[in-house]
Amino acid sequence: MRVDLTKADPKNKRLYPPFLSLDIFDNTEYDCRNPQEWLNLGVVKGKQRPVPGKALLSLTGKDVADPDRFKWLDVGVLNYNPQTKLYFVRAVAPGGIQHNVIPKGTQLNAYIKRDDEKSKAIPLPPSLTTEGCWIPRVRLMFCAEDPVIFADRVAHAYNLRLETEALLRYHLGEVKIAC
């Protein structure tokens, strides 16, 4: 794929959209607990309850590289797969999970409200609320974790991805500069 700088879209804020997944660059040294310890926070009287957290989830049900299609949602973490290194989460109503239990009558998210009041609510894909989804750790912040350390983790992965993609483009001759 060749990128011609003379034909760049002025409305596009990013000349080079990311092509590598962020979870490739995740640094597990930022974690204060291993995955099983995180899940054990939800064990109450021998039963696994959802562990509260926030996750960056796709509003369309597809992982498309469009930032407008993703939103941070309240989730309950239910499982971890050590082979794929993914966490299983289900979206819940804002403030729905407190202290590792789901209060009676809590409804799952049916929609996400937009920031401005004029726009309509966006329905969530049914899979996020009924079936759940598997996500990488870099897109999941547990409520029991320090948000500053989590932000550092995401920033580290983001910066490493930018540097790696720039080096790949440079060494593979992807950029064609027109004079």
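**Notebook: loops, sheet, pocket**

Lys45 is exposed, with a relative accessible area of 84%. I started with this residue and noted at once that the model I have open is a predicted one. Next I looked up where Lys45 sits: it is in the loop between β2 (43–44) and β3 (47–48). I also checked its backbone, and phi of Lys45 comes out near 55°, a positive value in a residue that isn't glycine.

I found Lys85 in the loop between β5 and β6 (86–91). Is Lys85 buried or exposed? I get a relative accessible area of 57% for Lys85, and the cut-off for exposed is over 50%, so Lys85 counts as exposed.

**The pocket**

Lys85 turned up again when I went through the pockets. I looked at the second largest pocket, which has a volume of about 280 Å³. Which residues lie nearest the centre of this pocket? I wrote down Asp26, Thr28, Tyr80, Lys85 and Arg137, out of 16 lining residues. Sorting the lining of this pocket by class, I got seven charged, six nonpolar and three polar residues.

**The whole chain**

Time to step back. The chain has 179 residues, and 31% of them count as buried. I get three helices and 11 strands for its secondary structure. Going along the sequence, I read the pattern as β-α-β-β-β-β-β-β-β-α-β-β-α-β.

**The open sheet**

I then traced a sheet. It is an open one made of five strands, in the order β9-β6-β5-β4-β10, and the pairing is antiparallel. Which strands are at the edges? They are β9 (133–136) and β10 (140–142), each of which pairs on one side only. From one strand to the next, I have the twist averaging 45°.

**β4 and its two partners**

I picked β4 to follow in detail. Strand β4 covers residues 51–58 and runs antiparallel to β5, residues 70–81, with eight bridges joining the two. I looked up two of the residue pairs. Gly53 has Val75 as its bridge partner in β5, and Lys54 has Asp74 there.

How many bridges does β4 make with β10? I count three, and this pairing is antiparallel too. Lys54 comes back here: its bridge partner in β10 is Met141.

How covered is β4? Mostly: six of its eight residues are buried.

**Cysteines**

Last entry. I searched the whole structure for disulfides and found zero. Cys133 has 19% relative accessibility, and buried means under 20%, so Cys133 counts as buried. Cys143 has a relative accessible area of 51%, and exposed means over 50%, so I put Cys143 down as exposed.

How values were computed
Residues are numbered from 1 along each chain as its sequence is written. This is a predicted model: local features need pLDDT of at least 70, side-chain atom pairs count only at pLDDT 80 or more; totals for chains, interfaces and linings use all residues. Side-chain values use heavy atoms; hydrogens and water are left out. On a 1 Å grid over the protein atoms alone, a cavity is a set of points where a 1.4 Å probe fits but cannot get out, and a pocket is an open set with protein on both sides within 12 Å along at least five of seven lines; lining residues have an atom within 4 Å of a point. Grid points are joined across faces, edges and corners, and a volume is the space filled by probe spheres set on the points. Ala, Val, Leu, Ile, Met, Phe, Trp, Tyr, Cys and Pro count as nonpolar, Asp, Glu, Lys and Arg as charged, and the others, Gly among them, as polar. Two strands pair if DSSP finds at least two bridges between them. Helices (H or I, at least four residues) and strands (E, at least two) are DSSP runs, numbered from the N terminus. Axes are lines fitted to C-alpha atoms, for helices over the stretch in contact, and angles run from 0 to 180 degrees between N-to-C directions. Buried means under 20% relative accessible area, exposed over 50%, partly exposed in between (1.4 Å probe, protein chains only). A disulfide is a pair of cysteine sulfur atoms within 2.5 Å.
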